[in-house]
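User: I am new to reading protein models. Can you walk me through this one, feature by feature?

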Amino acid sequence: MKTTRRGFGTIALGAAVGAVSGTTVFSQKVNAQTRAQHAAGEYDNGIIQLNQNESARGPGPNTMEAIRTHTTRRVGRGYSPDHVNELREGIANYYGLSTANVELATGSTPLLQGSVRAFCDAEKAFVTPMPTYSTSLSTAREIDARAIELSLDSGLGVDLDTLAANASGAGLLYLCNPNNPTGTVHGPQVVERFVRRVMRENPDTYVHIDEAYINYCRPGAIETAVPLAMEFEKVFITRSFSKAHGMAGLRVGYALGQEQTLEKIRNAWGMGDVNMLAAVAALTALEDKEHIAWEAQENAEIRDEVIGFFRSRGYEVPDSNTNHIFVNLGMPAAKFREGCLEHKVLVGRDFPPLEQTHCRISLGSREEMKIALEVFSKALA
Ligand SMILES: Cc1ncc(COP(=O)(O)O)c(C=O)c1O
């Protein structure tokens, strides 16, 4: 699929949809309309939401078509939602695994919660860098598990040496790669060295590698750690359809790992039931590599422009491999957030311990970011 550099100045609503072959006129119209409504802030009380790392563009046209077709033909027959098994098989085939290596959930959130419940307690610590995605840490607190929080390195990357050094007696180490909120990433050799060190020095400790944002990584920056999960029983991966696949509202995620590990996670917490429409959408989205490539390219161009905006004004921003950026504004995130909200743009929450200086900004569509950059200028003035 052809992607052209348009910048934020000239916006072609629905152009991407129109460029996809095989979609019906109907699907193009609906997508264009949805995008136009979104651009006009018709949803979310007219507030541009740059606070949750969802996809600004939603599912691709093929996925939308699959949802529509199944809504029309099949949704009254969902008690035996066979597409869920198909999805599990589809994911297994995609990675060359068996279905026993795939655990589906209603978003990856229940997998994060279940893994902490399965592997951590008052003695067996949950070990996490900070700031990172915090659902697992919240779960550790809920169950009164010991929690160890570690600083990032000076470039705001996850400090893998420190993480490995804290594995002794721990139940679970959490590595978000690429990391939310900083957008930093570790390449395959570094991750492999880290995993092998933990498995050698502390073979009883589990390692969770959360690859929710992997599809947004810069070319060559990352490889999935699935082979390590297949080699080591104590390593597992989670993935989400809520990011580049644009399906946050449909709630599908999965874990990849060895059967006995997935069973422990499943037994510790409810994974929810993936419904038929979500399953059919996820299967279509998984196989639509062309759309994911387009989504990643679109996000990358927007990301470059927004990072350039801040860097050209002297603000530090680590290279991001996600659909959000983490900017050192030299002011409290709350102050910037309030300044932006006055102009109907909502940016990310506080990320302790960096909330006095840094703010996370999720990347919206070109239309949204064009408005947002003007708002950022005002809030920074
Ligand atoms: C790193 C990371 N992992 C997991 C999740 C959970 O997403 P979901 O439950 O929608 O799959 C998020 C959501 O923002 C995230 O940022």
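Predicted model: local features only at pLDDT ≥ 70, side-chain atom pairs only at ≥ 80, totals over all residues.

User: What counts as a helix or strand, and what counts as a pair of strands?

Analyst: Helices (H or I, at least four residues) and strands (E, at least two) are DSSP runs, numbered from the N terminus. Two strands pair if DSSP finds at least two bridges between them.

User: What is the strand order of the open sheet?

Analyst: The open sheet has seven strands in the order 2-8-7-6-5-3-4, with mixed pairing. Its edge strands are strand 2 (102-105) and strand 4 (147-151), and each pairs on one side only. On average, neighbouring strands are turned by 20° against each other, direction ignored. Take one pair inside it. Strand 3 (residues 126-130) pairs with strand 5 (residues 172-176) in the parallel sense, over two bridges. Val127 stands opposite Leu173 in strand 5.

User: How do I read helix packing?

Analyst: Two packed helices are described by the angle between their axes and the distance between the axes. Axes are lines fitted to C-alpha atoms, for helices over the stretch in contact, and angles run from 0 to 180 degrees between N-to-C directions. Angles under 35 degrees count as roughly parallel, over 145 as roughly antiparallel, 65 to 115 as roughly perpendicular and the rest as oblique.

User: At what angle do helix 3 and helix 11 pack?

Analyst: Helix 3 (residues 61-74) and helix 11 (residues 276-287) pack at about 150°, with axes 9 Å apart. Helix 3 is therefore roughly antiparallel to helix 11. Their crossing is right-handed. A crossing is left-handed if the near helix is turned anticlockwise from the far one by less than a right angle, and right-handed if clockwise.

User: Which residues make the contact between helix 3 and helix 11?

Analyst: Two residues are in contact if their C-beta atoms, placed from the backbone, lie within 7 Å. Helix 3 gives Asn62, Thr63, Ala66, Ile67, His70, Thr71 and Arg74; helix 11 gives Met276, Leu277, Val280, Ala281, Thr284 and Ala285. They divide into seven nonpolar, five polar and one charged. Here Ala, Val, Leu, Ile, Met, Phe, Trp, Tyr, Cys and Pro count as nonpolar, Asp, Glu, Lys and Arg as charged, and the others, Gly among them, as polar.

User: How are helix 5 and helix 6 arranged?

Analyst: Helix 5 (residues 109-119) packs on helix 6 (residues 135-142) at about 40°, with axes 9 Å apart. The two are therefore oblique to each other. Among the residues in this contact are Leu112 and Val116 of helix 5 and Thr139 and Ala140 of helix 6. The contact has three nonpolar, five polar and one charged residues. Helix 6 also lies across strand 3, strand 4 and strand 5, running at about 140° to strand 3.

User: What should I look for in the backbone?

Analyst: Most residues other than glycine have a negative phi, and most peptide bonds are trans. Now the exceptions here. A cis peptide bond joins Asn177 and Pro178, with omega about 0°. Pro178 sits in the loop between strand 5 and helix 8 (188-201). Another cis bond joins Pro352 and Pro353, with omega about 10°. Pro353 is in the loop between strand 10 (345-347) and strand 11 (358-362). Asn53 is not a glycine, yet its phi is positive, about 55°. Asn53 lies in the loop between strand 1 (48-50) and helix 3.

Key:
Residues numbered from 1 in each chain as written.
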